[in-house]
Amino acid sequence: MNGFSFNLHGTALVALGSGALWWPEQQLLCVSDLHLGKTERIARRGGAQLPPYETQDTLTRLEHDLSATKARKVISLGDSFDDLEAARALPETERRWITRLQVDRQWYWVEGNHDPGPVDMGGRHLQELALGRLTFRHIARPGARGEVSGHYHPKACVRARGRAISRPAFLYDTDRLILPAYGTFTGGLRSHADVLSRLMQPGTHAVLTGATPVAVPMPR
Amino acid sequence: MTPLPPRFAEWFATKGWHIHPHQQHMLDRSDDPALLLIAPTGGGKTLSGFLPSLVDLADGRHEGMHTLYISPLKALAADIKRNLTTPVADMHLPITIEERTGDTSQSRRKRQRADPPHILLTTPESLALLVSYEDAPRMFKGLKRVVIDEIHALAESKRGDQMMLGLARLQTFCPDLKRVGLSATVEDPAAIAHFMARHPDPCEILMADPGPAPDIQMLTTDEAPPWSGGGAAYAIPAVLDQVRQHNTTLIFHNTRAQAEIFFHNLWLANDDSLPIGIHHGSLDRQQRERVEAAMVRGDLRAIVCTGTLDLGIDWGDVDLIIQIGAPKNVKRLVQRIGRANHRYNAPSKALLVPANRFEVVECVAALDAVLAGELDGEPRGPGPRDVLCQHILITACAGPFDADALYVEFMSVGAYADLSRAEFDACLDFCATGGYALRAYDRWQRLIKREDGHWQLRDPRAAQRIRMNIGTIQDTDTLKVRMRRNRGGKPLGEIEEGFAASLTPGDTFLIGGQIVRYEGLREMTVEVSRDAAKKPKIATFMGTKFATSTQLSDRVQRMFTQDSWPGLPAHTAEWLHLQREVSQLPQPGRLLIESFPHDGREQTVIYGFAGRNGQQTLGLLLTKRMEEMGLHPMGFVATDYATLIWGLDAVRDPGPLFDLEALQNGLETWLAGNAVMKRTFRASATIAGLIERNTPSARKSGRQATFSSDILYDTLQRYDPDHLMLQITREEAMRGLVDFGRVEQLIARIEGRIDHRRLTRVTPLSAPLFLEAGRIPVKGEAEERLLAEEAARLMEASGLAQLAPPPANKPRWRVGY
């Protein structure tokens with residue numbers, strides 16, 4: 001599977017088809033909005049009993065990307081857990097799984113609106129992280145430059161010969177990059193949404209995830 | 001011969017009736033362990049079933065429940081109660097009769113458990129619930145007879161399997177229980193006898209006089225039927241004409257959506273304002289009851305309906321049946337025709353209305369089959385194990401059980417007579433642990449083994465949840481529809497959740513024959529207002545899309561071998577001649593494939609005659625093979641007789657596509673991720689108790705259930721591919737929605753005899769396929785290619801291509817998926 005290579009603020013990056021961001025120079029993999037423990041939280045709040053397998057699914061894909069890229073650093077860019085209680089309630093097997101993924105890697109948990117505090121798990125906990133010419137934070141800040149964020153779960157839709165193809169997408173312009181949600185069953189916000197149109201400059205690209213990531217002008 | 005007691009003989013005499021021979025026979029054989037009566041409607045069938053009970057109860061000495069009556073429909077139970085009350089009241093018999101269904105009030109149910117009536121009328125689901133109570137042995141104490149009505153309908157579904165498992169339970173309580181089955185005409189009575197009798201008890205089959213042959217014809221119209229579609233709007237004037245000429249007409253449709261559209265069009269053309277009603281399963285109960293009542297009073301001249309009216313409810317003076325659309329299945333057609341004219345010994349009258357040109361052929365084939373007395377049906381195979389899982393849990397609700405005894409009990413059910421101990425143990429293990437991949441989650445660990453070796457619920461509170469989820473009916477998930485008012489307007493019926501999700505405020509659709517506008521969703525209820533629009537966006541009730549039976553498909557194929565078709569209307573015969581001229585007609589034992597370019601794409605048509613579900617599965621598997629072969633398929637559409645596939649590249653050699661082994665592998669792997677398979681899994685997982693539709697706090701919406709079942713399915717596929725639920729899903733895939741069994745039959749039948757026609761343009765026989773709804777896109781390489789092309793075009797057009805970094809001269813990043 002190919003990645004899509006592009007430049008952000010003088011930094012060469014690769015958008016992977018899985019929805020993860022690869023920064024070759026730093027050997028760094030960044031994923032956003034894992035929402036681990038989502039079914040646990042639904043069960044806790046609504047009483048609906050959903051099988052808690054979405055966490056396994058998300059971790060399986062993450063493990064795959066990690067071994068394929070041999071990443072040395074990992075940033076989980078906020079909303080890593082569906083809420084802090086979900087982080088605490090994560091089953092032992094999944095907790096150990098995460099620990100296993102963290103072996104020999106620098107691991108950063110950036111806080112998100114769903115998980116605004118430290119979690120009882122290895123790795124560093126940060127509100128945001130500056131690295132090289134880039135800043136990693138959960139929610140995009142207007143006016144920021146060289147910023148990588150998540151939060152909005154963007155997706156984009158392209159019409160090709162009468163067929164609408166809609167997929168989670170990376171959005172980037174010269175100043176910022178917004179990552180798609182990596183977690184299983186996290187839903188998406190169409191790139192047409194006002195908030196995304198306001199944030200992103202004219203000339204923004206949307207990179208659709210999938211077998212081969214493909215860039216198009218961001219549909220507005 | 002057992003003489004009729006004087007009180008009964010007098011009653012028959014005052015009514016001016018004679019006892020029917022089969023009623024006498026039922027009385028004579030009332031000590032048989034099992035008896036199956038096959039009789040046409042109107043032959044006093046119900047009374048035959050109850051006569052031995054009434055006679056036995058007449059002296060008033062029996063205490064407790066005597067006879068249990070089970071029917072597939074709640075409405076039928078109510079109807080029977082009415083019909084039984086008459087003789088009981090007339091003869092002053094000391095017999096109590098009560099019904100117990102989902103509609104019975106809580107207080108009455110409680111009382112029934114404490115003080116059961118002599119005759120209890122119920123449904124398979126209510127029976128399952130009753131045997132789940134600890135006091136079931138007390139409630140059914142003294143039970144002597146069980147009467148199963150419309151058993152042919154139950155024998156075709158999992159509801160019947162559940163019922164027979166429940167009966168096995170009762171038989172354990174009351175070893176002398178006698179079973180009586182009442183059935184309409186079926187192709188294989190022995191199979192039903194095997195299904196209903198305690199295995200290996202014998203079961204005698206009584207055939208009542210079938211009555212005169214029906215008078216059945218195809219409706220001829222001046223206007224030719226259209227090329228495709230199922231609406232039959234062209235026939236509206238002719239149908240109205242027929243309604244005018246008869247007292248009461250039943251107009252049957254194959255799907256609810258078609259019934260709605262037809263009813264709407266009928267009203268637009270109904271200049272004489274004939275009283276016509278509509279009745280189908282998606283309508284609100286009150287609405288349905290109102291139509292039923294009007295029908296019984298004889299106020300209606302016609303009713304547009306679907307399968308809900310198929311079963312034996314007594315509908316007064318029906319003298320004409322009209323079937324819109326090809327009947328798909330000869331047996332169902334015959335049973336529907338049986339609805340008309342309830343006078344015994346008068347021929348029923350029926351008209352078939354083909355909805356499109358191909359259905360003309362199918363209708364003629366069906367007529368031939370009816371005249372030849374040839375019914376169709378597929379043997380059902382062994383009883384499904386998801387029902388077994390549910391029944392194990394139901395048994396556990398009633399109290400601790402011994403696994404060996406339960407296994408013996410299960411084997412006394414005909415459908416499960418061949419159940420191996422290993423298969424049984426797998427079900428028991430699933431109920432106890434959830435299976436290997438789920439062993440870590442205690443919500444699925446529901447049984448524990450006690451020190452005395454008996455099994456019981458691990459948490460007694462689970463009984464409530466299990467009872468809430470009893471049943472095997474898998475309704476598509478529906479939402480209620482109401483008129484928008486201040487405080488909850490009139491309920492209209494239900495629509496599918498998926499359809500509701502596709503609506504935006506202002507959209508219009510048909511329900512209950514009126515056009516309504518979608519206003520919004522409030523607390524899981526769709527709110528609508530009246531709308532005067534002429535053309536609605538139509539409710540896509542999934543309904544049931546029946547597949548044409550194997551036997552009927554064979555007949556159609558045999559018709560294609562004729563030199564000419566004097567039996568067909570000229571327009572249809574000409575169409576077939578034209579097909580023979582430009583290409584050829586499909587031949588029995590061979591497979592015709594046509595390929596030609598059209599609409600900027602390469603088209604391939606496979607005339608497999610495997611029924612709608614089978615052709616659809618064939619489409620899924622062939623597109624997968626084409627994907628592997630680099631032919632870039634983009635989508636397909638299936639009908640009962642053919643599959644049309646379109647893509648970017650032409651098929652040159654279709655032979656390799658039909659390698660059975662490769663197709664089977666396809667079923668295992670690619671279909672594994674397919675939505676149809678997931679739906680099959682979801683149905684079985686819900687029945688087996690893996691997924692709970694109902695919880696004490698709230699009913700789970702369909703979307704939530706889909707969400708959870710899809711995750712479970714994927715997980716089990718990955719971590720535990722031999723999990724019991726996946727085994728069951730694969731078993732189910734051979735029939736029903738996936739129907740891979742018929743694809744296998746097809747491939748075995750043709751043995752590589754393929755007629756491939758490479759043509760330059762659309763052929764007459766394939767033309768209707770291009771108008772067919774329900775096109776399914778294939779998301780494969782073709783989509784990647786389209787996306788890449790479109791992206792390049794967009795980037796170029798926007799000028800962004802110049803801004804984007806050139807394809808780097810360093811090696812591009814590759815991730816080894």
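**Exercise 1.** Which residue forms a salt bridge with Lys328(B), and how far apart are the closest N and O atoms?

*Solution.* Some ground rules before we start: this is a predicted model, where local features need pLDDT of at least 70, side-chain atom pairs count only at pLDDT 80 or more, and totals for chains, interfaces and linings use all residues. Residues are numbered from 1 along each chain as its sequence is written, chains are lettered from A and ligands numbered from 1 in the order in which they are written, and side-chain values use heavy atoms, with hydrogens and water left out.

Step 1: recall that a salt bridge is a side-chain nitrogen of Lys or Arg within 4 Å of a carboxyl oxygen of Asp or Glu.

Step 2: the partner is Glu359(B), with the closest N and O atoms 3.9 Å apart.

Step 3: Lys328(B) lies in the loop between β12 (320-324) and α14 of chain B and Glu359(B) in helix α15, so the pair ties together parts that are 31 residues apart in sequence. (Helices are DSSP runs of H or I, at least four residues; strands are runs of E, at least two, all numbered from the N terminus.)

**Exercise 2.** Are Glu409(B) and Arg169(B) buried or exposed?

*Solution.* Step 1: buried means under 20% relative accessible area, exposed over 50%, partly exposed in between (1.4 Å probe, protein chains only).

Step 1: Glu409(B) is buried, and Arg169(B) is too.

Step 2: they form a salt bridge, with the closest N and O atoms 2.9 Å apart.
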